[in-house]
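The following exercises ask the reader to work from a model to its elements, surface and side-chain pairs.

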Amino acid sequence: MALARSSKVAVAKYAWSGRERLGLLRVRDDVIVLHAMRWPDEIRSPEELLPPPVELSEEEIDGALALMDTMTREDLEGEEFEDTYTEALSQIIEAKREHREPPKLQEPESQAGLIVDLMAALNESVQKARASRGEDADVHELPTKKTAKKQPAKKTAAKKTATKKAVAKKTSGRRPRSA
């Protein structure tokens, strides 16, 4: 109670998982709370974590802000924000307790997805990128694959000669079969 009345915190050493640690003790709603602290050798330098600097144009920042505005919602109510997993799990547990079959849950209806032509999207992206750099934006279509049968490759003359010599050597050392 003295810690709560003083509005102070306490630093304590404690053992956890075979290691001595530091902790901060404070009182919160009549409960003593322990916040784990780190020793100096456990803390990495923030320079290691910094990403490389990136140059952003005002247009990119404005575009990001516009995207955030379109995705922002004021209401967080409705079916989308209900915990259906916990509700379904409690129904299953209740059914098991009463030794009856768990209720069949309805599968959520899958919404039809948008079919995207990836090649068209890629070509459009390349055209925009080249146009923004001031390059010619001519993009050629990729040739379609033909399903023709492949002809076996012709052997070179040197291979044929070497193969004939090897066959001749093998057959010359054999004895003829007797009938």
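The model is predicted, so local features need pLDDT of at least 70 and side-chain atom pairs count only at pLDDT 80 or more, while totals for chains, interfaces and linings use all residues. Residues are numbered from 1 along each chain as its sequence is written, and side-chain values use heavy atoms, with hydrogens and water left out.

**Exercise 1. Overall composition**

State how many helices and strands the chain has, and in what order the elements run.

Solution. Step 1: helices are DSSP runs of H or I with at least four residues, strands are runs of E with at least two, and both are numbered from the N terminus. Step 2: on this basis the chain has 5 helices and 3 strands. Step 3: read from the N terminus, the order is α-β-β-β-α-α-α-α.

Step 1: turn to burial, where buried means under 20% relative accessible area, exposed means over 50%, and partly exposed lies in between (1.4 Å probe, protein chains only). Of the 179 residues in the chain, 3% are buried. Step 5: a contact is a pair of heavy atoms within 4.5 Å. Among contacts between residues at least 6 apart in sequence, 3% join residues at least 24 apart.

Step 2: accessible areas come from the Shrake-Rupley method with a 1.4 Å probe, and for residues only the protein chains shown count as cover. The chain exposes about 18,300 Å², with carbon and sulfur atoms supplying 56% of that area.

**Exercise 2. The sheet**

Determine the strand order of the sheet and the direction of its pairing.

Solution. Step 1: two strands pair if DSSP finds at least two bridges between them. Step 2: the sheet is open, has 3 strands in the order S1-S2-S3, and pairs antiparallel. Its edge strands are S1 (10–16) and S3 (31–37), each of which pairs on one side only. From one strand to the next the twist averages 40°, where axes are lines fitted to C-alpha atoms (for helices, over the stretch in contact) and angles run from 0 to 180 degrees between N-to-C directions.

Step 1: count the bridges. S1 is joined to S2 by 7 bridges, and S2 (residues 19–28) is joined to S3 by 7 bridges. Step 4: follow Leu-22 of S2, which has Lys-13 opposite and also stands opposite Met-37 in S3. Step 5: examine the turn. S1 and S2 form a hairpin with 2 residues between them, and Ser-17 in this turn has a positive phi of about 55°.

**Exercise 3. The surroundings of Val-9**

Which residues does Val-9 touch, not counting residues up to four places away in sequence?

Solution. Step 1: Val-9 is placed in the loop between helix H1 (2–6) and S1. Step 2: the residues touched are Leu-3, Leu-24, Leu-25 and Arg-26. Step 3: for Val-9 and Leu-25, the C-alpha atoms are 5.6 Å apart, although the two residues are 16 apart in sequence. Step 4: Val-9 has a relative accessible area of 46% and is therefore partly exposed.

**Exercise 4. Salt bridges**

Explain why the pair Glu-42 and Arg-19 ties together parts that are apart in sequence.

Solution. Step 1: side chains of opposite charge can pair when their charged atoms come close. A salt bridge here requires a side-chain nitrogen of Lys or Arg within 4 Å of a carboxyl oxygen of Asp or Glu. The count is 6 salt bridges.

Step 1: Glu-42 and Arg-19 form one of them, at 3.2 Å from N to O. Glu-42 lies in the loop between S3 and H2 and Arg-19 in strand S2, so the pair links parts 23 residues apart in sequence. Glu-42, at 23% relative accessibility, is partly exposed, as is Arg-19 at 37%.

Step 2: compare Glu-124 and Lys-128, whose side chains meet at 3.2 Å, N to O. These two are 4 residues apart in helix H4 (residues 118–133), which means that about one helical turn separates them. Glu-124 is partly exposed at 42%, whereas Lys-128 is exposed at 55%.

**Exercise 5. A nonpolar patch**

Which residues form a nonpolar patch on the surface?

Solution. Step 1: patches consist of residues with over 30% relative accessible area and no salt bridge; like charges are joined within 9 Å, and nonpolar side chains (Val, Leu, Ile, Met, Phe, Trp, Tyr) within 5 Å. Step 2: the members are Val-54, Leu-56, Ile-61, Leu-65 and Met-68, with about 490 Å² of accessible area together. Step 3: Leu-65 belongs to helix H2 (residues 58–71) and, at 44% relative accessibility, is partly exposed.
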